[in-house]
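Hi,

Here is the structure I said I would send over. Have a look at it first, and then read on for what I found when I went through it.

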Amino acid sequence: NKNTQQGLLKAAGLRSVRQVCGTSISDASVAHFLEGERYPVVVKPAYKSQGGIKLCRTKEEAVDHFRRLVGSPEAGSGGGAGSGGSNGSGGSRGNVVEVICQEYLRGTELVVDHVSRNSRHKTC
């Protein structure tokens, strides 16, 4: 879950992206974030590593994309293999239940792929 990941970074005192996670556009934290954040912002499913991610240049565009994601099967859910079909947020597999609204970070993006299995870790 991308929201949990960022929360753990912040709790450890590391720099993290400004964001909120919600299940409804009327959630107070979501509404407050979209009202006060500098645009563009990123709106994406909390439980999917790809798909459904959009750079929204206006509040109206962010609200529209948020509403499209909630409950849509197009962006999928987290769960993953062996998850028992739940994404951990009360929804069924294949439906977006939680959406993240996140500040847009300008600059070069660096990605580090890391895989763990049976307590063995590999960085690619």
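Let me start with glutamate 98, which counts as buried at 19% relative accessibility. The cut-off for buried is under 20%, so glutamate 98 makes it into that class with its 19%. You'll find glutamate 98 in the loop that links α3 and β4. Its side chain has a partner: a polar contact of 3.0 Å goes to the side chain of tyrosine 47.

Before you go further, please keep in mind that this is a predicted model. The average pLDDT of the protein chain is 81, and 79% of the residues score at least 70. The stretch to watch is residues 75-93, where the pLDDT is below 50. The model does give that stretch 37 contacts beyond near neighbours in sequence. Still, where pLDDT is low, the predicted coordinates should not be read in detail.

Now the overall layout. The chain has three helices and six strands, and from the N terminus their order is α-β-α-β-β-α-β-β-β. Of the 124 residues in the chain, 34% are buried. If you take the contacts between residues at least 6 apart in sequence, 50% of them join residues at least 24 apart. The accessible surface is about 8,100 Å², with 49% of it belonging to carbon and sulfur atoms.

Helix α3

This helix spans residues 59-69, and its buried residues are Ala62, Val63, His65, Phe66 and Leu69. Looking down the axis of α3, you see the buried residues fall within an arc of 165°, so they line one face of the helix. The spacing is what you'd hope for: an α-helix has 3.6 residues a turn, so residues three or four places apart point the same way. Turned away from the buried side of α3 is a face with the exposed residues Glu60, Arg67 and Arg68.

What do the buried residues of α3 pack against? The answer is β1 (19-22), α2 (28-36), β2 (41-45), β3 (54-56) and β4 (99-103). After the helix comes glycine 71, which has a positive phi, near 80°.

One more residue of α3 is glutamate 61, which is partly exposed at 24% relative accessibility. Leaving out residues up to four places away in sequence, glutamate 61 touches Lys54, Leu55 and Cys56.

Helix α2

In α2 the buried residues are Val30, Phe33 and Leu34. They span an arc of only 90° around the axis, which puts them on the same side of α2. Exposed on the other side of α2 are Ala28, His32, Glu35 and Gly36. The cover over the buried residues of α2 includes β1, β2, α3 and β4, and α2 in turn is among the elements that the buried residues of α3 pack against.

Strand β4

Glutamine 102 sits in strand β4 and is buried, with a relative accessible area of 10%. Where does the side chain of glutamine 102 find a polar contact? It pairs with the side chain of glutamine 19, at 2.7 Å. Setting aside residues up to four places away in sequence, glutamine 102 touches Val17, Arg18, Gln19, Phe33, Val41, Val42 and Lys44. Phe33 in that list is also one of the buried residues of α2.

The other one is cysteine 101, which is buried with a relative accessible area of 0%. Cysteine 56, one of the residues that glutamate 61 touches, is likewise buried, at 0% relative accessibility. In total, the structure holds zero disulfides.

Cheers

Methods. Residues numbered from 1 in each chain as written. Heavy atoms only, no water. Buried < 20%, exposed > 50% of the residue type's maximum accessible area, 1.4 Å probe, protein only. Helix = DSSP H or I, 4+ residues; strand = E, 2+ residues; numbered from the N terminus. Arc of directions from axis to C-beta. Contact = heavy atoms within 4.5 Å. Polar contact = N/O pair within 3.5 Å; in protein donor to acceptor, adjacent residues only side chain to side chain. pLDDT = per-residue confidence, 0-100. Areas by Shrake-Rupley, 256 points an atom, 1.4 Å probe, with all protein chains shown as cover. Disulfide = S-S within 2.5 Å.
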